[in-house]
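Good morning, and thank you for making time for this presentation. I would ask you to keep the sequence and the structure in view while I speak.

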Amino acid sequence: MLKFVPLCGLIQYDQILVTCPLKGSFSVFSNFLRPNNLSQKMMRVIFVIYFGVACLITGIQFLTEYLKTQDSILTELKQLEETVKGPVSTSLWQYDDKQLDVLIDGLVTMPIIEGIDIRDNQGNTIVSKRLYSLDAEPFSIFDTTADLSWTLNGENIALGTMALYSSSKVVLARVWFGFVLIAITAIIKLSVLFGLFIWAFNRYLALPLKELMSQVDEVQLNHTLNKRITLSNLDNNELNQLQAHMNAMLTSMEKDRQRLLNDEKSKREWLEKAVTERTTELQILNEQLKDVAAKDSLTGVLNRGNFFETAQRLFLLSQRQHSPASFILMDLDHFKRINDEYGHFIGDHVLIHFIQTIQGLLRKSDLLGRVGGEEFALFLSNADKDEAYVIANKIRRSIKASTVEIDGQKVTYTVSLGIESMGPEDRSIDQLYKRADVKLYQAKDKGRDCVEM
């Protein structure tokens, strides 16, 4: 009788005292399936590897025992054949069916025999008996076959063959006890080793790591770098080295903190100076941003809002000085077709080309702005309608005679212009813009590429 003495008082796992490897197995098994710390994960990996190896070895033991027992049964069948083939041959020679039936009945009652076949020389079955039905046939059947003969006047006369059958059922019946013993032994070893794994990982890894984390939390909560980590019952291993490295890190952090405190005053002074310099730079940048915000990002001329704001100031100045002023509204002809045919990239270059072409024809006092997609406006101070017409016509002719060449493609285009001059009844630049817009549409209606005044 086997007696098992539990390994009491050895295991403490995640604040649960386990007095023996098998006690509290459900809780331990749950932690094993869902590990929440390093020691449990390492334990699971090692135990799974060990479990796989143990299952493989146990399976090999089962297979070896099975094959060994099967060979033993085959040997017994051969010995039995040698014993009974003489009486069976005599019964066949003498045509003694009664004696043959008695022999067959005696053979099939033996534990190792599951069936018997006796056939004549032509392969015809004389006797065939099975202890199992065809519906419940064993998964493995093996047999031995012996020749039956009779000696007459020194000559052997072949009578047929005799086959004795055995099966996996007989083998399993013999090895069942051994299989059960192997399985029980494997389960006991796995259970004991599982408990020992838990105890070992908890003792040498989990508890020191918990103590290490607790002391690190204490340093963090107290906001002090003077405390050092000291683990109890620490052997000379990686955890000891980790403790030394962390203490060295705390010492380095303390020195760095002191150095930072010493540098704080000089850095504050530097920061104040940097803020002053940065403020100056920001003021300069703000002025630059104002200039950028006033310009059209593509062509570089005034955008719509800034153009009308500046034009309104020049308009009022012209009124106060009683000087003439004119407004020219320009629109590129069939610009949508250019975009559709050549693409927006070339369309953008056409707009840039237009501005670059007309800027050489303008006076320094002339105000140019982009007021729409392909629509531009000119406010001409000190210019009456006739002077405005001369400038507008120069623009029209220059654009018509120019060509935009980009990526091997040549693009020609024209421009339509509407002119309006300031009158005594005008009060804002918007009035000039509206009348010039009407003139521009009249130029479009006349076939484009013309100046309407």
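Predicted model: local features only at pLDDT ≥ 70, side-chain atom pairs only at ≥ 80, totals over all residues.

I begin with helix α7, residues 335–342, whose buried residues are F335, I338 and N339. Buried here means under 20% relative accessible area, exposed means over 50%, and partly exposed lies in between, with a 1.4 Å probe and protein chains only. Viewed down the axis of α7, the buried residues fall within an arc of 95°, so they line one face of the helix; the arc is taken from the directions from the helix axis to the C-beta atoms. As a reminder, an α-helix has 3.6 residues a turn, so residues three or four places apart point the same way. On the other side of α7, the exposed residues are K336, R337, D340 and E341.

Residues are numbered from 1 along each chain as its sequence is written, and side-chain values use heavy atoms, with hydrogens and water left out. Helices (H or I, at least four residues) and strands (E, at least two) are DSSP runs, numbered from the N terminus.

What do the buried residues of α7 pack against? They pack against β7 (325–332), α8 (344–359) and β11 (409–411), where contact means heavy atoms within 4.5 Å. The two ends of α7 also deserve a remark. In the loop between β7 and α7 sits H334, a residue other than glycine with a positive phi near 50°. H334 counts as partly exposed, at 37% relative accessibility. Just after α7, G343 takes a positive phi of about 100°.

I turn now to helix packing. Two packed helices are described by the angle between their axes and the distance between the axes. Axes are lines fitted to C-alpha atoms, for helices over the stretch in contact, and angles run from 0 to 180 degrees between N-to-C directions. The axes of α7 and α8 cross at roughly 140° and come within 7 Å. These two helices, α7 and α8, are therefore oblique to each other. For the terms, angles under 35 degrees count as roughly parallel, over 145 as roughly antiparallel, 65 to 115 as roughly perpendicular, and the rest as oblique. From α7, the residues F335, I338, N339 and Y342 meet H344, I346, G347, V350 and L351 of α8.

Helix α8 also packs with α9, at an angle of about 130° and with the axes 10 Å apart. That makes α8 oblique to α9. Is the crossing of α8 and α9 left-handed or right-handed? The crossing is right-handed; by convention, a crossing is left-handed if the near helix is turned anticlockwise from the far one by less than a right angle, and right-handed if clockwise. On the α8 side F354, T357 and I358 take part, meeting I395, S398 and I399 in α9.

Next, the interior. A nonpolar core is a set of buried Ala, Val, Leu, Ile, Met, Phe, Trp, Tyr and Cys residues joined through side-chain atoms within 4.5 Å. The largest such core has 31 residues, and those with the most contacts inside it are I328, M330, L332, V350, F354 and I395. At least two residues of this core come from each of β7, α7, α8, β9 (375–381), α9 (385–401), β10 (404–406) and β12 (415–421). Its largest share, six residues, is supplied by α8. A second, separate core of 25 residues includes Y66, I104, V127 and L148.

Two further buried positions may be of interest. A163, in strand β6 (residues 155–167), is buried, with a relative accessible area of 5%. Leaving out residues up to four places away in sequence, A163 touches E81, G115, I116, D117, T144 and T145. S318 lies in helix α6 (residues 304–321) and is buried at 4% relative accessible area.

Finally, the chain as a whole. The protein chain has 10 helices and 13 strands, and buried residues make up 36% of its 453 residues. Of the contacts with a separation of 6 or more, 65% are between residues 24 or more positions apart.
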